[in-house]
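Please look through the sequence and the model shown below before reading on. The report that accompanies them is arranged by topic.

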Amino acid sequence: MSGLLPFPPHTWLDAIQVIFLLLAGHALMDYPLQGEFLSSCKNRHLLILRNDPTRPVQIWPWCMSAHCLLHAAAVWAITGCFILCIIEFVLHWLIDLAKCENKTTFVQDQSLHCICKIAYVVAAMIHGS
C-alpha cells in the first residue's frame with residue numbers, strides 16, 4: 001500500500017510534507033477523534049478515582065489500545081508503511097502510559113509524539129538513500 005506522499009521521501013520538501021501530515025494526523029487522532037471516553041478510560045487512575053460501575057478499571061488497556069490503533073492507522077495511511085504502523089502503536093502506547101502514570105507532563109507527552117513522527121521520516125530518508 002502506498003501512502004499519501006512518496007515514502008520514503010525523495011526530497012526534503014517531500015519529507016516536510018510527510019512530517020506535516022503525520023503531525024496533522026496526530027492532532028486529529030489526539031483531539032477530535034479521541035473523545036472523552038477514550039481520553040478518560042485509557043487512564044486507570046481516573047477510572048479508579050471515578051469508581052463508575054459502567055466503566056470498570058479493567059477496561060483501561062482496551063481503551064489505550066483502541067486509541068493507539070487509531071494513531072497507528074493514521075501513520076500507515078500517510079506513509080504506507082506497516083512497520084511504522086506497528087512502531088507507532090507501541091511507542092504511542094508507552095508514551096501515553098507514561099503520561100497516565102504522571103511520569104510526563106502534557107507538553108512532554110506531545111513533544112515525544114512529535115519527535116517520533118519526525119524520527120520516522122528522518123530514519124526513512126537515511127535508510128532509503
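## Basis of the model

This is a predicted model, in which local features need pLDDT of at least 70 and side-chain atom pairs count only at pLDDT 80 or more, while totals for chains, interfaces and linings use all residues. Residues are numbered from 1 along each chain as its sequence is written, and side-chain values use heavy atoms, with hydrogens and water left out.

Helices are DSSP runs (H or I, at least four residues) numbered from the N terminus. Helix 1, residues 12–30, has 19 residues and reaches 26 Å from its first C-alpha to its last, which is close to the 27 Å expected at 1.5 Å a residue; the expected span is 1.5 Å times one less than the number of residues.

Buried here means under 20% relative accessible area, exposed means over 50%, and partly exposed lies in between (1.4 Å probe, protein chains only). The buried residues of helix 1 are Asp-14, Ala-15, Val-18, Ile-19, Leu-22, Gly-25, His-26, Met-29 and Asp-30. They cover an arc of only 135° around the axis, which puts them on the same side of helix 1, the arc being that of the directions from the helix axis to the C-beta atoms. An α-helix has 3.6 residues a turn, so residues three or four places apart point the same way. The face turned away from the buried side of helix 1 carries the exposed residues Leu-13, Ile-16 and Phe-20. Helix 4, helix 5 and helix 6 (106–128) are among what covers the buried residues of helix 1, where contact means heavy atoms within 4.5 Å.

## Aromatic pairs

The structure holds 2 aromatic pairs. Rings of Phe, Tyr and Trp (its six-membered ring) pair if their centres lie within 6.5 Å, and planes under 30 degrees apart count as stacked, over 60 as edge-to-face and the rest as tilted. In one of the pairs, the ring centres of Trp-60 and Trp-93 are 5.6 Å apart and the planes stand at 50°, so this pair is tilted. Because Trp-60 lies in helix 4 (residues 60–79) and Trp-93 in helix 5 (residues 82–100), the pair ties together parts that are 33 residues apart in sequence. Trp-60 is buried at a relative accessible area of 17%, and Trp-93 counts as buried at 17% as well.

## Salt bridges

The whole structure has 6 salt bridges, each a side-chain nitrogen of Lys or Arg within 4 Å of a carboxyl oxygen of Asp or Glu. Glu-36, Arg-50 and Arg-55 are linked in a network of such bridges. Glu-36 meets Arg-50 at 3.4 Å, N to O, and this pair links helix 2 (residues 35–41) with helix 3 (residues 44–50), the two residues being 14 apart. Glu-36 also bridges to Arg-55, with the closest N and O atoms 3.2 Å apart; Arg-55 lies in the loop between helix 3 and helix 4, 19 residues from Glu-36. Glu-36 is partly exposed at 44%, as are Arg-50 at 48% and Arg-55 at 21%.

Lys-42 forms a salt bridge with Asp-96, the closest N and O atoms being 2.8 Å apart. Lys-42 lies in the loop between helix 2 and helix 3 and Asp-96 in helix 5, so the pair ties together parts 54 residues apart in sequence. Both Lys-42 and Asp-96 are buried.

## Cysteines

The search for disulfides, meaning pairs of cysteine sulfur atoms within 2.5 Å, finds 0 in the whole structure. For Cys-100, the nearest cysteine sulfur is that of Cys-68, 9.2 Å away, and Cys-100 is buried at 6% relative accessibility. The sulfur of Cys-116 is 9.1 Å from the closest cysteine sulfur, in Cys-114, which is too far for a bond; Cys-116 is buried at 13%.
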